[in-house]
Amino acid sequence: EEAYITYNPPGLPDFQVKAGKFVTMMGAEVIEPWQNANVSRSLAFTWAIPLTHTGVMTSYAFSEQVSATLGIVNGWDNVVDSNDGKSVHGGVTITPVEQFSLAITGMYGAEQPERGDSKRGLVDVVATITPVENLVLSLNYDYGNESELDVATRGTAEWNAFSGILSYDIPDILVPIGFALRGEYFDDSDG
């Protein structure tokens, strides 16, 4: 799933460089099923975003409330690049208070095998709200598009995905148990 190295330059503890294969920053859900609120995963996780990247990523924490990332990767789930272009990947996370965080990430680059002219763009927004202890509302929106899909028609596709997850962990019992409810919408009318 992952194989990477990290480097923190001396004197810059808030700056990090990561190189190798790593999981995406995008989405409200993660690959490890036990770390998700729901047993199943949303359509947004399955179809709207990549799962992993291979490349170089830098990150910097400006403060406890604001951090940013920027990198160059081989694209969506590609260890070896399948075309003559790279993808730019980055984002900003803002956590003004402990009960709220907002992560906005994006990616743009060539994704079709053997073709660098087709470009795919994706914007992912995740808001996490904890109004009271043990109650979490996670909202995730994705917008993606891809141009020049095939040589003949030069078609463009776009997709939208939204999921909302409300989860509650029951406190003070012997085994961890909780409840989660997910609602979602996924539109990929271009297929």
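**Figure 1. Glu 29 and the residues around it.** Leaving out residues up to four places away in sequence, Glu 29 touches Asn 36, Ser 40, Arg 41, Ser 42, Phe 45, Ile 165 and Arg 182, where a contact means heavy atoms within 4.5 Å. This is a predicted model, in which local features need pLDDT of at least 70 and side-chain atom pairs count only at pLDDT 80 or more, while totals for chains, interfaces and linings use all residues. Residues are numbered from 1 along each chain as its sequence is written, and side-chain values use heavy atoms, with hydrogens and water left out. Glu 29 sits in the loop between strand 2 (15-23) and helix 1 (43-48). Helices (H or I, at least four residues) and strands (E, at least two) are DSSP runs, numbered from the N terminus. With a relative accessible area of 6%, Glu 29 is buried; the cut-offs are under 20% for buried, over 50% for exposed and partly exposed in between, using a 1.4 Å probe and protein chains only. One of its contacts is polar: the side chains of Glu 29 and Ser 42 are joined at 2.4 Å. A polar contact here is a pair of N or O atoms within 3.5 Å; within protein, one must be able to donate a hydrogen and the other to accept it, and residues adjacent in sequence count only if both atoms are side-chain atoms.

**Figure 2. The whole chain, for orientation.** The protein has 1 helix and 10 strands, and reading along the sequence gives β-β-α-β-β-β-β-β-β-β-β. Its radius of gyration is 18 Å, close to the 16 Å that the globule rule gives for 191 residues, so the protein is as compact as a globular protein of that length. That radius is taken over C-alpha atoms, and the rule is 2.2 Å times the number of residues to the power 0.38. Along its principal axes, the C-alpha trace spans about 60 × 50 × 30 Å. Of the 191 residues, 34% count as buried. Among contacts with a separation of 6 or more, 47% come from residues 24 or more positions apart. As for charge, there are 9 positive and 26 negative side chains, and the centres of the two sets lie 8 Å apart. Lys and Arg count as positive and Asp and Glu as negative, with His and the chain ends not counted; each charge is placed at NZ of Lys, CZ of Arg, CG of Asp or CD of Glu.

Figure 3. Asn 74 is found in the loop between strand 4 (66-73) and strand 5 (87-97). It counts as buried at 11% relative accessibility. A polar atom of the Asn 74 side chain lies 2.8 Å from the backbone oxygen of Val 79. Neighbours within four places aside, Asn 74 is in contact with Thr 54, Val 79, Val 80, Asp 81 and Lys 86. Asp 77 is also in the loop between strand 4 and strand 5, but counts as partly exposed at 40% relative accessibility. Its phi is near 55°, a positive value in a residue other than glycine. Most residues other than glycine have a negative phi.

**Figure 4. Asn 134, between two strands.** Here's another positive phi in a residue other than glycine: Asn 134 comes in near 75°. Asn 134 lies in the loop between strand 7 (119-132) and strand 8 (135-146). At 25% relative accessibility, Asn 134 counts as partly exposed.

**Figure 5. Thr 105, a buried strand residue.** Thr 105 belongs to strand 6 (residues 100-110) and is buried, at 6% relative accessibility. Not counting residues up to four places away, Thr 105 touches Met 25, Met 26, Gly 90, Gly 91, Leu 122, Val 123 and Asp 124. Thr 58 is 47 residues from Thr 105 in sequence and 14 Å away, C-alpha to C-alpha.

Figure 6. Thr 156 lies in the loop between strand 8 and strand 9 (157-169) and is exposed, with a relative accessible area of 51%. Its C-alpha is 40 Å from that of Glu 64, 92 residues away along the chain. Asp 188 is in the segment after strand 10 (178-187), and counts as partly exposed at 29% relative accessibility. Apart from residues up to four places away, Asp 188 touches Glu 158 and Trp 159. Asp 188 and Gly 55 are 133 residues apart in sequence and 28 Å apart in space, C-alpha to C-alpha.
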